[in-house]
Amino acid sequence: MTEERKSKKRLKTSKELNRLVTEYYLNCQTAKAEGRPVAWMPPMNGVIELCYAMDVQPVFPENWSPVCAAFGLTPQNFKVSEDMGYSRDICGYLRNIIGYVNGLMNEKDTPLGGLPEPDILFTPGGGCVPVMKIFHALERRFPKAAVFSADLPQVAIEDINDTHIDYAIAESERLINFVTETTGRRLDMDRLRETVVLSDQACALWDEIMSFRRYIPVPFSAAEMGIMFVMVTLQGTQKAVDYLTRVRDEVRQKAESGSGVIENEKLRLFWDNIPLWYNMGLFNYFEAAGGVVVAETYSAAWSIRMDPQNPIRSLALKSLKSYPLVSCVSINKRKEMVLNACREYAIDGVIFHRNKSCIPITLGQMEIKRALEEELNIPSVIIDADHMDERNFSMAQFQTRVDAFMEMLADRKGY
Ligand code: SF4
């Protein structure tokens, strides 16, 4: 990846992230080498805490996709999956991971050592169709892996009721028995409680970090979003809590001393949808016109507070709620969340990433756009792109639309 495609990071703690990423993938490989069970699973559910509590190494193929994008591996992975017959219209995470496991994974010298083969595949359900389909394909690719499939419902957050929760609790208990039968490891309830406490502390820290983004000037922009890696892969660990504490301290110090991301912050922006993982440098593009991306939709799903007194119920609720916070959500709820964020973070303009390969998050954008104009008088611009596949992105089109948008926003504010 060229330097301009990487985002410019201002936080010292952001620069520590490379080490954490490297260590995490090294741990995944070490677990395999030492005979500790390796479980592949989708992110955003209450299985990660169970894994850390039972000494099972969690691996997230979906999270591996942004890593592939950052290392420029996606074109190769897409070629493999497209040659297998997967259409370019399908989610880029799915095409990337299918391509990777059937291509590069078999080669030596993959960045960060690549992913170790799974001993277990967990599919909790509750996510979008591509997430479920990734795991169907992985079952075929890794026939020796033990498979646990739950069938959690895809239900809007405001519609989750006791029946859904009871079912999710029953599925969590079934999962614990499955891990014991498959690995011989028993769940120690005290250890699970400790893991849930750590997970909850990470969420509280995440919320606190996000709260400093309300400050003007903002001390933390979307360019630092890579920090989310810790929320995806290390929730329930002391390492996540220690790192997020350092991030919180740095961001708080900047916020309280009035030190912003850029010197002369003029325009506060909101980004809807997933970033372009192959070009995170776009978040710095707005800075030339005094703009900073202060908030975004994607970071909302990573903080679901947990109750250590009810660890299994907490895990069940997390599995039910995470996806509806971002993708499998009612349009009304999404509209409410975007409008609330725009009020909370004093947003001047919204960038809608119309994401060719994520239909669930793209659905409803036009309705939200209208509501922003009518209810809050906030203008927005639509950028056509794709979070994984750069063939669906045109820099020239991006610049034309963004330049005109930033000029209009500056005019409105009298700059
Ligand atoms: S939510 Fe969007 S990006 Fe995530 S797996 Fe589903 S379709 Fe792909």
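Two strands count as paired here if DSSP finds at least two bridges between them, and I kept that rule beside me while looking through this structure, which is a predicted model.

**Entry 1, the sheet.** I looked up how the strands are arranged and found an open sheet of four, in the order β6-β5-β7-β8, with parallel pairing. I noted that β6 (291-296) and β8 (380-385) are the edge strands, since each of these pairs on one side only. From one strand to the next, the twist averages 30°. As a reminder to myself, strands of a sheet pair through backbone hydrogen bonds, in either a parallel or an antiparallel way.

Which strands does α16 touch? Helix α16, residues 365-376, packs on the sheet and touches β5 (267-272), β7 and β8, while its direction makes about 170° with that of β7. I also looked up α17, residues 395-412, which packs on the sheet by touching β5, β6, β7 and β8, and whose direction makes about 170° with that of β8.

I turned next to α9, which runs over residues 189-211 and has 23 residues. From its first C-alpha to its last this helix reaches 33 Å, close to the 33 Å expected at 1.5 Å a residue. Among its buried residues I listed Leu-192, Thr-195, Val-196, Leu-198, Ser-199, Leu-205, Trp-206 and Ile-209, and Asp-200 is buried as well. An α-helix has 3.6 residues a turn, so residues three or four places apart point the same way. What covers the buried residues of α9 includes α3, α10 (228-233), α11 (238-256) and α13 (311-326).

Lastly, I looked up how the protein chain is divided, and found domain 1 at 12-189 and domain 2 at 192-413. Their C-alpha centres lie 23 Å apart, and the contact takes 48 residues from domain 1 and 49 residues from domain 2. On the side of domain 1 that touches domain 2, several helices each supply at least two residues, including α2 (17-34), α3 (48-53) and α8 (162-183). Which helix gives the largest share of that side? I found that this is α8, with six residues. Sorting the residues of this side of domain 1 by kind, I noted 29 nonpolar, 14 polar and five charged.

Key: Residues are numbered from 1 along each chain as its sequence is written. This is a predicted model: local features need pLDDT of at least 70, side-chain atom pairs count only at pLDDT 80 or more; totals for chains, interfaces and linings use all residues. Domain bounds come from an automatic or database domain assignment. Two residues are in contact if their C-beta atoms, placed from the backbone, lie within 7 Å. Ala, Val, Leu, Ile, Met, Phe, Trp, Tyr, Cys and Pro count as nonpolar, Asp, Glu, Lys and Arg as charged, and the others, Gly among them, as polar. The expected span of a helix is 1.5 Å times one less than its number of residues. A residue is buried if 20 or more other C-beta atoms lie within 10 Å of its own, exposed if 12 or fewer, and partly exposed in between; C-beta atoms are placed from the backbone. Axes are lines fitted to C-alpha atoms, for helices over the stretch in contact, and angles run from 0 to 180 degrees between N-to-C directions.
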